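Me: I have a structure open here and have not looked at it before. Can we go through it piece by piece?

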Amino acid sequence: MGSDVLAENTTVTATEIAESEVEQVEKKVSSQNRRYLRPREMFAYLLTAFGQKNLNEFVNGNRQFFMISFLGISGKAYGVIMFLEMLYDALDDSLSGVIIDRTRTRWGKLRPYLMVATPIWAVAIVMLFTTPSFLATTTSKIVWAVIAIFAHNLGMSYFGVWQIMPFDITPNVNERNNLLAAQKFMELFGQLLPGLLPFFIDLLPRQTHNAVGMQDVYSGYAVIMVIISAATAIYGFFVMRERVPLASREQMKEVSVLQSFKIAFKNRPMLVLQLNYFLNGFKGIGASNEKFFWMHNAGALSYSSIASIFTGMPSFIITPLVPKMIRKFGARNLGIYAGLFGGAAYTLMWIIGYKPFGEWNSGGSIVANLVYMTIMLTICGLPNSVINVVGTILQGDVYDYGEWKYGVRNEALIATVSGYFQKAANAINGLLSGVVISLIGYTAHKDVFGNVVRETDSGILRGFWFIFCVMPALARTLYGVSLIFFNVHGKFKDQMLKDLEERRLEAVQKINAETAPTNTEE
């Protein structure tokens, strides 16, 4: 009798404990108000974003200019290399996406690649901005460029996991969106260091054989950017944690690699978003050639940095407000409005021209034209912070939709498939970026010290201005229009998130039921 009572009490106690544990886990999984991220962890992610933004701004803004002007390859050769890179990426990204998604370590599936990939892209970026003396022939220079560009891409295909981290370090959608908005705000500061480069180039004395040349400034800056980015990434590895429940190795094996790719390609929001990225990527043609505009049309690279000091200011105000704007209008709708506004603004700037106050050759006209360009570029750039935040949040919607629709959360694989479209766009844009330089007839001319001198041909200058304005106008307009077809928004999105919470809760309950203590009667 006493033993029966004791057994009964023991059973009740064990059951109560199991139920208590289930309730705690249920609260953890289902609550969208609970904070998961520690301040130190948020800082680590934002610092990683800061380092990467510095690096990407430097590489993307200067690679083409450096390779054409100093390494000595033609615009056509550069464009072809960028196009071939897309074919290489098809294999590279296929492997990286599958490998990352199926990675299971004590540090998670994403964090290890913050360390593993860093040496690869670090060496590659230094190569991108150096011209060793043994590169004496055109063929050797092209080979050097191919190795550097492809190695950089290989390293970044794995290191890109840092961009997926917000979707795994917290299951709270609101917390995730706030972190992504904070990331974009932090990235505004990540443009400051690359923005100082033109001042070093324009202000340092170069007209003697012993002075520091333009090429040396680029090479030194590349090393500095690599050190900053690598240090912040390593810090992020040691501080951040992954929290969203992952499928077990056994569950992943139930879904073959082929099935995973089929699921990814069936993800409608992903396809729409990639079309959106592809069309918006045409802006990169203008961005990659803007150094040519400031150098040759305006007369000094440092003017771009002066203008950027003011053009970036509205982003510091707008970016923190984007989460509130998204809650009011929705991410998809806000993106549509931002794209159409940007397209109209760039078109107006092109119509007015870049020298409404005369040529950029005297103190008065330089100041007036620079003030005008700064104002117009500020207006054109108003949607930038909105588009940056919206794009990242919509990517999160794509991951959630894939889990809701197919029951499998393959962030890295979806990111890989997304990468196909993005890099196809980058390859085409890279090809066009180089080809348009050749089409307008530009060839770099240098003085006896090896420094690039200003172009004076009016036809070439008009070509630079067309690329600078019209391609961004087209890109922004198409960006806004394409988002009309993104279906994860409004009531559908609200119901989808509710369904996901219920499914995750059921999964946790099942796990706890399987691991709860069993009752035995004597």
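This is a predicted model: local features need pLDDT of at least 70, side-chain atom pairs count only at pLDDT 80 or more; totals for chains, interfaces and linings use all residues.

Me: Which residues make the contact?

Reply: On the α16 side they are Y303, I306, A307, F310 and T311. On the α20 side they are I366, L370, T374, L377 and T378.

Me: Stay with T378. Where does T378 lie, and is T378 buried or exposed?

Reply: T378 lies in helix α20, which covers residues 363-381. T378 has a relative accessible area of 17% and is buried, because the cut-off for buried is under 20%.

Me: What is T378 in contact with, leaving aside its neighbours within four places in sequence?

Reply: F310, T311 and P314. There is also a polar atom of the T378 side chain that lies 2.6 Å from the backbone oxygen of T374.

Me: Step back a bit. How many helices and strands are in the protein chain?

Reply: The protein chain has 24 helices and zero strands. It has 522 residues, and buried residues make up 53% of them.

Me: And the contacts between residues at least 6 apart in sequence, what share joins residues at least 24 apart?

Reply: 84% of those contacts in the protein chain.

Me: Another pair, then. How do α9 and α10 cross?

Reply: Helix α9 (residues 192-203) and helix α10 (residues 214-239) have axes that come within 10 Å and cross at roughly 160 degrees. They are therefore roughly antiparallel to each other. The crossing of α9 past α10 is right-handed.

Me: Which residues meet there?

Reply: From α9, L193, P194, L196, L197, F200 and I201. They meet M214, V217, Y218, Y221, M225 and I228 in α10.

Me: What about α2 and α9, how do their axes cross?

Reply: The axes of helix α2 (residues 39-71) and α9 cross at roughly 40 degrees and come within 7 Å. That makes α2 oblique to α9. The contact is made by N54, E57, F58 and N62 of α2, together with L193, P194 and L197 of α9.

Me: Back to α10. What is S219 in contact with, apart from neighbours within four places in sequence?

Reply: S219, which is found in helix α10, is in contact with F66, F129 and T130. S219 is buried, with a relative accessible area of 18%.

Me: I125 next. Which helix is I125 found in, and what is its relative accessible area?

Reply: I125 is found in helix α5 (residues 118-128). Its relative accessible area is 0%, and I125 is buried. Leaving aside neighbours within four places in sequence, I125 is in contact with L55, V59, H152, M156, A222 and V226. From I125 to H152 it is 27 residues in sequence and 6.3 Å in space, C-alpha to C-alpha.

Me: Is K498 buried or partly exposed?

Reply: Partly exposed, at 48% relative accessibility. K498 is in helix α24 (residues 490-515). K498 and W404 are 10.0 Å apart in space, C-alpha to C-alpha, and 94 residues apart in sequence.

Me: How many residues of α15 are buried?

Reply: Eight of the nine residues of helix α15 (residues 290-298) are buried, so α15 is largely enclosed by the rest of the structure. The buried ones are K291, F292, F293, W294, M295, H296, N297 and A298.

Me: What follows α15?

Reply: G299, with a positive phi near 110 degrees.

Me: Last one, α13. How far does α13 reach from its first C-alpha to its last?

Reply: Helix α13 (residues 268-280) reaches 18 Å with 13 residues, close to the 18 Å expected at 1.5 Å a residue. Its buried residues are P269, M270, V272, L273, Q274, N276, L279 and N280.

Methods. Residues are numbered from 1 along each chain as its sequence is written. Side-chain values use heavy atoms; hydrogens and water are left out. Helices (H or I, at least four residues) and strands (E, at least two) are DSSP runs, numbered from the N terminus. Buried means under 20% relative accessible area, exposed over 50%, partly exposed in between (1.4 Å probe, protein chains only). A polar contact is a pair of N or O atoms within 3.5 Å; within protein, one must be able to donate a hydrogen and the other to accept it, and residues adjacent in sequence count only if both atoms are side-chain atoms. Contact means heavy atoms within 4.5 Å. The expected span of a helix is 1.5 Å times one less than its number of residues. Axes are lines fitted to C-alpha atoms, for helices over the stretch in contact, and angles run from 0 to 180 degrees between N-to-C directions. Angles under 35 degrees count as roughly parallel, over 145 as roughly antiparallel, 65 to 115 as roughly perpendicular and the rest as oblique. A crossing is left-handed if the near helix is turned anticlockwise from the far one by less than a right angle, and right-handed if clockwise.
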